[in-house]
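I opened this notebook to record what I looked up in one chain, entry by entry.

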Amino acid sequence: MLSPMKNDNDSDYQSYRKYYSEQRFWNKLRRQASKAGMKVVYGALLCYYVLTSPEVPIRFKAAIVGALGYLIFPIDAIPDFIPVAGYTDDLSAIVTVLKLVSSCITPTIRHKSLDKLHEFFGQFDDHEIDKLYASHQ
């Protein structure tokens, strides 16, 4: 599992960053959103929008790229095709990074993430989805 506290010279970040690209990220979400579930997709979207924010320190961006690269990585510690458990390792990486970057998650980033989540999953109570991560921050 990757550690978000590592800098861009560390092996975990280096091994997963080559798998991250914006195009691969969006392709993975489009193909796998329903299988991954709201919690994984919302966390990934929060990470993505923090990554695109110019005010975020590079060390946080490096950790996000590592986590999103792990999400995209074709071979996981727990393969994504395994029902229920398949995305738990991805979620763990995302939650770990979100704890690190929680101070960078602005209302605008939350709003963008929720808007995009609605595109993937339709209508739901925005307050309920935010509760998914409230205990992790």
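I call a residue buried when its relative accessible area is under 20%, exposed when it is over 50% and partly exposed in between, with a 1.4 Å probe and protein chains only. By that rule, buried residues make up 48% of the 137 residues in the chain.

I noted that this is a predicted model, in which local features need pLDDT of at least 70 and side-chain atom pairs count only at pLDDT 80 or more, while totals for chains, interfaces and linings use all residues. Residues are numbered from 1 along each chain as its sequence is written, and side-chain values use heavy atoms, leaving out hydrogens and water.

Next I looked up the elements, taking helices (H or I, at least four residues) and strands (E, at least two) as DSSP runs numbered from the N terminus. I found seven helices and zero strands.

I then turned to helix 2 (residues 22-36) and helix 3 (residues 38-51), which pack at an angle of about 160° with their axes 10 Å apart; axes are lines fitted to C-alpha atoms over the stretch in contact, and angles run from 0 to 180 degrees between N-to-C directions. The two helices are therefore roughly antiparallel, a term for angles over 145 degrees. Their contact (heavy atoms within 4.5 Å) is made by E22, F25, W26, L29, A33 and A36 of helix 2 and V40, V41, A44, L45, Y48 and Y49 of helix 3.

Last, I checked helix 6 (residues 107-121), which has 15 residues, and its buried residues are I109, S113, L114, L117 and H118. After helix 6 comes G122, whose phi is positive, near 80°.

Methods:
Angles under 35 degrees count as roughly parallel, over 145 as roughly antiparallel, 65 to 115 as roughly perpendicular and the rest as oblique. The expected span of a helix is 1.5 Å times one less than its number of residues.
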